[in-house]
Amino acid sequence: MEPEAAGTLRLMIWNINSLVPTVRNFILKYGSFRGFFEEHSVQIACLQETKMLDDKLTKDLVCLEGYESFWATSREKKGYSGVTTYASTAYSPVKAEADCLGDGESDLDREGRVVLTDHMAFVLVNVYAPNAGERPERPRKDFKCRFLTALKAKCDSLRAKGREVLIVGDLNVAASQRDVHPKFSYEALYSEEENQAMHALLGEYTDVWRHRHPQDTSTYTVWDEKTSARAFNEGLRIDYALCTPGLLAKVVSCEVVQTPPKWSDHAAMVLELRDISPIAAHAPCALSSSRMKRFNDRGQPSVATMFGRKPASKRAAGLEAEQVPGASRKVSKQEGASAAAPESRTRPSATAPGQLDQPRLSAAKTTAPEEQQFQRATQPAQGLIWQP
DNA sequence: CCGTCACGAT
DNA sequence: CGCAACGGC
């Protein structure tokens, strides 16, 4: 396909809290994994907390038609961390690196926390910053601070070479009190060192959402699902897009979109940049091609495995939901019976204006209940949030 | 709360 | 195959 004229690039940034159940939901709602990206017209999707092990990757997840994927997976714990960037072939990066903050030996690079892709017009850094751990000890506070500092150093070096840089993902620090619900005392949330590391980053790279929404103090990106905090919008804004000035000038919009609560404890963000030229066709970069090579053989596990089935050995399984037997059994993190807010608290779950809209697909039977929820939740208006 | 995985029962 | 225990947030 010929490169199109410079157009608007839509990126989605989303901590999905496990890729496999999320893809299962994509397929049920949108007919295919790819269908999710198409439905929302995103050319680049930056996902965090995919929690994939390198050897658990399947062709269905890695080789989406029309997209390339770039993976950082944890080499330490399994079912932990992991970030993935999907890029449509029109924006196929000319270079990509995973877990590249240190010198190759660093413990910062062992947990699947960074995917860096070079899209010519800018370098995209998809990040999942470490959680410091339970207070009061916060055992990984130091690791987290070192990570944030190394992230800045890496981006600074790119910037020193004259590159535009876009850092996206879950940085695990809210920037200020106005980025958290008033019920939280900001001082109690993070240590001085974390704030310093975060503000060093923010000093160099603009928080795009905040830049466009200076007055908004009630839009958050993560909530404690155990306490139904999302229904009361008692959240924090820890997911970001940060960028250099040249890119900031190209920002058309940057919005938090309400993704279905049960799909992840985080909401997604959609960023639009204008005048970003698609990249001329080229061979996939090394990181991408080496991984895809693994999936050239037949007999790879198919998407059916994600529905609790052994790989359909004989069949060339497509991605259509209808073809996936057993789809009606596993409901997983979908809304079965909508998580009702506790009785002690008032108000039902707020309608969510920016909510991702309902699918076009006639979905499996099990999706009927939340199908309605989705439609009900698709409302106009701007103020995402109501106050209790 | 949400996953995953090891385990015992079939 | 279903469920308990556990770990992460």
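Colleague: In which sense do strand β1 and β14 pair, and over how many bridges?
Modeller: Strand β1, which covers residues 7–15, pairs with β14 in the antiparallel sense, and 6 bridges join the two; please keep in mind that this is a predicted model.

Colleague: Which residue stands opposite M269 in β14?
Modeller: That is I13, which stands opposite M269.

Colleague: And how does strand β13 pair with β14?
Modeller: Strand β13, made up of residues 251–257, is also antiparallel to β14, with 6 bridges between them, and within this pairing C254 stands opposite L271 of β14.

Colleague: Is β14 mostly covered or mostly open, then?
Modeller: Strand β14, spanning residues 268–276, is mostly covered, since 7 of its 9 residues are buried.

Colleague: What part of the DNA do the atoms within 4 Å of the protein belong to?
Modeller: For DNA strand C, 60% of the atoms within 4 Å of the protein belong to sugar or phosphate, while the rest belong to bases.

Colleague: Which side chains have an N or O atom by a phosphate oxygen?
Modeller: Among them is K77, with a side-chain N or O atom 3.2 Å from a phosphate oxygen of DNA strand C, and for the side chain of Y128 the corresponding distance to a phosphate oxygen is 3.1 Å.

Note on methods:
Residues are numbered from 1 along each chain as its sequence is written. Chains are lettered from A and ligands numbered from 1 in the order in which they are written. This is a predicted model: local features need pLDDT of at least 70, side-chain atom pairs count only at pLDDT 80 or more; totals for chains, interfaces and linings use all residues. Side-chain values use heavy atoms; hydrogens and water are left out. Buried means under 20% relative accessible area, exposed over 50%, partly exposed in between (1.4 Å probe, protein chains only). Helices (H or I, at least four residues) and strands (E, at least two) are DSSP runs, numbered from the N terminus. Two strands pair if DSSP finds at least two bridges between them. A residue is near a molecule or strand if one of its heavy atoms lies within 4 Å of it. A polar contact is a pair of N or O atoms within 3.5 Å; within protein, one must be able to donate a hydrogen and the other to accept it, and residues adjacent in sequence count only if both atoms are side-chain atoms.
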